[in-house]
Amino acid sequence: MKEKAAELAIVSNKTFAASTAVNLHHYDISSALQTTLEFDELIAIFCNKIQNTIPHNGVEYTNTDFDLEYKRGVLARHSCSYALKVEEQQLGELKLTRSQRFSKDELKMLESLLCCLIYPLRNATLFQQALKMAFTDPLTKANNRTAFNDSLMREIKRAHRSGSHLSMIFVDVDHFKSINDQYGHECGDLALASVAGWLKDSVRGSDAVYRYGGEEFVILLSDTDIDGALIIGERIRADIESHTLAYGMDVLNLTASLGVATLQGDDTVDSLLKRADAAMYQAKKFGRNRVEAGF
């Protein structure tokens with residue numbers, strides 16, 4: 001009996017030690033994940049922390065809600081993937097890869113450790129959603145004026161530092177007041193939301209669309225000179241003209257006037273904005289539904 005009891009005691013001590021080690025590992029990971037609300041940083045921290053326990057060569061994390069795709073390391077033959085969510089809220093998908101299969105014990109451990117990642121990812125999601133709302137125009141779902149001001153200052157600094165091109169396009173919906181007067185503000189709101197959607201469809205993936213105010217939109221074109229900006233501007237103008245807007249029994253044909261300007265060596269935020277705005281008013285003056293450049 002004493003031998004059996006001793007044996008049980010030893011097993012119990014080993015189990016307690018293993019349980020304590022696992023709990024400490026969880027605590028270490030959880031503490032590290034409290035330091036950021038950025039998705040890519042959370043994934044990097046988590047993967048660094050589990051590397052010794054669950055060795056892996058490559059990591060992929062995708063979050064379609066935020067158009068995020070994070071990759072690190074070398075993607076190998078064997079993989080394990082997890083769709084992460086909490087209380088029906090999607091938090092993205094995590095994939096680990098390596099050259100040899102993951103064992104059942106490793107997968108069991110990984111699933112346990114993923115519990116440490118779930119709630120930091122949820123906190124990051126809530127934070128990013130709030131941030132997105134703060135920088136999004138509620139009517140058109142385009143970026144708002146605050147987002148534009150922040151982006152423009154950042155892009156100008158980047159362009160000056162790297163010597164790259166930066167252009168912008170001012171877009172003003174033609175005869176917008178008459179749309180509101182004749183059909184009402186509900187139709188006007190529909191027109192603005194529709195134009196915003198057409199603009200997003202017309203620009204490149206690297207370009208950003210902002211509602212500047214009223215019926216005016218601005219598009220920032222990174223790494224784009226004046227010739228390239230004029231080509232994009234003409235494509236946008238033609239796309240808007242080619243669409244029709246159905247409102248009740250009426251069909252509306254919208255057009256827009258566009259002004260294009262490109263960053264010059266001594267430009268400030270204000271001077272670049274003034275040139276693009278002046279070019280847009282030139283387009284209005286010369287008959288609307290056209291693109292003009294501000295030099």
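**Note on the sheet, its helices and selected side chains**

1. Glutamate 106 is buried, its relative accessible area being 16%, where buried stands for under 20% relative accessible area, exposed for over 50% and partly exposed for the range in between, computed with a 1.4 Å probe on protein chains only. The residue lies in helix α3; helices here are DSSP runs of H or I with at least four residues, strands are runs of E with at least two, and both are numbered from the N terminus. Leaving aside residues up to four places away in sequence, glutamate 106 touches Thr53, Ile54, Pro55, Arg98 and Arg101, a contact being heavy atoms within 4.5 Å.

2. On the basis of these values: the model is predicted, so that local features need pLDDT of at least 70 and side-chain atom pairs count only at pLDDT 80 or more, whereas totals for chains, interfaces and linings use all residues. Residues are numbered from 1 along each chain as its sequence is written, and side-chain values use heavy atoms, with hydrogens and water left out.

3. The sheet is open and has 4 strands, which follow the order β2-β1-β4-β3 with antiparallel pairing; two strands are taken as paired if DSSP finds at least two bridges between them. Since β2 (68-73) and β3 (78-86) stand at the edges with a single partner strand each, one side of each is left without a neighbour in the sheet.

4. Which strand does β1 pair with over 5 bridges? Strand β1 (residues 58-63) pairs in the antiparallel sense with strand β4 (residues 89-98), and tyrosine 61 stands opposite leucine 94 in β4. Helix α3 (residues 104-134) packs on the sheet, where it touches β1, β3 and β4, and its direction makes about 45° with that of β3; axes are lines fitted to C-alpha atoms, for helices over the stretch in contact, and angles between N-to-C directions run from 0 to 180 degrees. Helix α2 (residues 39-50), for its part, lies across β1, β2 and β4 and runs at about 30° to β2.

5. The loop between β1 and β2 holds aspartate 65, which counts as partly exposed at 46% relative accessibility. Aspartate 65 is 27 residues from glycine 92 in sequence, while the two C-alpha atoms are 8.1 Å apart in space. With residues up to four places away in sequence not counted, aspartate 65 touches Gln90 and Lys132.

6. A salt bridge is counted where a side-chain nitrogen of Lys or Arg comes within 4 Å of a carboxyl oxygen of Asp or Glu, and the count by this rule comes to 18. One of them joins the side chains of lysine 71 and glutamate 60, at 3.8 Å from N to O. Because lysine 71 belongs to strand β2 and glutamate 60 to strand β1, this pair ties together parts that are 11 residues apart in sequence. Glutamate 60 is buried at a relative accessible area of 16%. Lysine 71 also meets glutamate 69 in a salt bridge, at 3.4 Å from N to O, and glutamate 69 counts as exposed at 53% relative accessibility.

7. The side chains of aspartate 207 and arginine 204 form a salt bridge as well, at 2.8 Å from N to O; aspartate 207 is buried at 9% relative accessibility, and arginine 204 is partly exposed at 31%. Through shared partners, salt bridges join Glu60, Glu69, Lys71 and Lys95 into one network.

8. Two packed helices are described by the angle between their axes and the distance between the axes. Helix α4 (residues 145-162) packs against helix α8 (residues 269-285) at an angle of about 110°, their axes being 10 Å apart, which makes α4 roughly perpendicular to α8; the classes are roughly parallel under 35 degrees, roughly antiparallel over 145, roughly perpendicular from 65 to 115, and oblique for the rest. The contact is made by Phe148, Leu152, Met153 and Ile156 of α4 together with Val269, Leu272 and Leu273 of α8. The crossing of α4 and α8 is right-handed, a crossing being left-handed if the near helix is turned anticlockwise from the far one by less than a right angle, and right-handed if clockwise.

9. Helix α6 (residues 185-202) and helix α7 (residues 226-242) pack at about 135°, with axes 10 Å apart, and are therefore oblique to each other. Val195, Trp198, Leu199 and Ser202 of α6 make the contact with Arg235, Ile236, Asp239 and Ile240 of α7, and the crossing of α6 and α7 is right-handed.
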